[in-house]
Amino acid sequence: MKGIEKFSLKDKVAFVTGGARGIGKAVATGFAEAGAHIVIADLDVEEGQKTAAALAAENGVRTLAVKTDVTKPESVADLIATIDREFGHLDIAFCNAGICINAPAKDMTYEQWSKVININLTGVFLTAQAAGKYMIDKSIKGSIINTASMSAHIVNVPQPQCAYNASKAGVIQLTKSLAIEWAAFGVRVNSISPGYIGTELVKASPTLIPLIDKWNAMAPMHRLGDPTELQTVTLYLASDASSFTTGSDVIVDGAFTCF
């Protein structure tokens, strides 16, 4: 395999949690454009079906949407069983589903804390664990990519988000731990740490819209990242081009964390 061919995902199968919209949708699109068959795993299965249908029509790949709650082991197990039944193999897992609740630590409720940790950290563990076990049992040299955040490296201002920051820092250490455990099996585990990304939800959020100008003023590039700007780094991590890359976290933040 030479040059650009190393980035091909032709006939590989990938699942993307939180893939119906936003970062997940953008990365799923990049994978599909590289030839991968795509499984959109999302609680919003109706929106997931729309995304899956568009990817199939535009890229000539097989797609499927599966309603998935990443915090429930039985739902994750159903996702893996469905992939095995419909495709026969799983090569790439993009464990991406996540939320953020902005609340001062002194006022944050246990329910708010638990919800963020359960989705952002436990959800990544459950989906990565299920993917890794499947790959190991089937002797598949697969790639698992977890979504962390630049918030794992810095404390964001002005919004208070301690649960989010803690959960994303946990994702990075989890990624390193899984990479060590599974290296001998040929299963690679990496993470990405996006900066502020201008997804449709961010740009439409009444809570976040007032913060965008403040973020851009602090950012070296003075803008939000575009979701599509995460496609090439995830394609690298998903493909054979990164065959010696595991246990790494790739920051994609327009130099925001360089301060």
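These are my notebook entries on what I looked up in this predicted model.

**Ground rules**

I am working with a predicted model in which local features need pLDDT of at least 70 and side-chain atom pairs count only at pLDDT 80 or more, while totals for chains, interfaces and linings use all residues. Numbering runs from 1 along each chain as its sequence is written, and side-chain values use heavy atoms, with hydrogens and water left out.

**Entry 1: the cores**

I began with the largest nonpolar core, which has 31 residues. A nonpolar core here is a set of buried Ala, Val, Leu, Ile, Met, Phe, Trp, Tyr and Cys residues joined through side-chain atoms within 4.5 Å. Buried means under 20% relative accessible area, exposed over 50%, and partly exposed in between, using a 1.4 Å probe and protein chains only.

Which members touch the most others? They are Phe15, Ile83, Leu90 and Ile144. I then noted the elements that each supply at least two residues: β1 (13-17), β2 (37-42), α3 (73-87), β4 (92-95), α4 (110-137) and α5 (162-182). Helices (H or I, at least four residues) and strands (E, at least two) are DSSP runs numbered from the N terminus. The largest share of this core, 7 residues, comes from α4. Apart from this core lies another, of 26 residues, including Leu9, Ile40, Ala65 and Ile192.

I also listed the surroundings of Phe15, taking contact as heavy atoms within 4.5 Å. Beyond its neighbours within four places in sequence, Phe15 is in contact with residues including Val39, Leu79, Ile83, Phe94 and Ala131.

**Entry 2: α3 against α4**

Two packed helices are described by the angle between their axes and the distance between the axes. For α3 and α4, I noted axes that come within 10 Å and cross at roughly 35 degrees. Axes are lines fitted to C-alpha atoms, for helices over the stretch in contact, and angles run from 0 to 180 degrees between N-to-C directions.

On the α3 side I found Pro73, Val76, Ile80 and Asp84, which meet Leu126, Thr127, Ala130, Ala131 and Tyr134 in α4. The residues of this contact divide into 7 nonpolar, 1 polar and 1 charged. In this count Ala, Val, Leu, Ile, Met, Phe, Trp, Tyr, Cys and Pro are nonpolar, Asp, Glu, Lys and Arg are charged, and the others, Gly among them, are polar.

Is Gln161 buried or exposed? I have Gln161 in the loop between β5 (143-147) and α5, and it is buried, with a relative accessible area of 7%. Its side chain makes polar contacts with the side chains of Ser151 at 3.3 Å and Asn165 at 2.9 Å. A polar contact is a pair of N or O atoms within 3.5 Å; within protein, one must be able to donate a hydrogen and the other to accept it, and residues adjacent in sequence count only if both atoms are side-chain atoms.

Next I looked up Ser193, which sits in strand β6 (residues 188-194) and counts as buried at 0% relative accessibility. The Ser193 side chain reaches the backbone oxygen of Ser149 at 3.1 Å and makes a polar contact with the side chain of His153 at 3.4 Å.

**Entry 3: Gln112**

Gln112 is in helix α4 and counts as partly exposed at 25% relative accessibility. A polar atom of the Gln112 side chain lies 3.0 Å from the backbone nitrogen of Thr109. I finished with Ile172, whose C-alpha atom is 21 Å from that of Gln112, with the two residues 60 apart along the chain.
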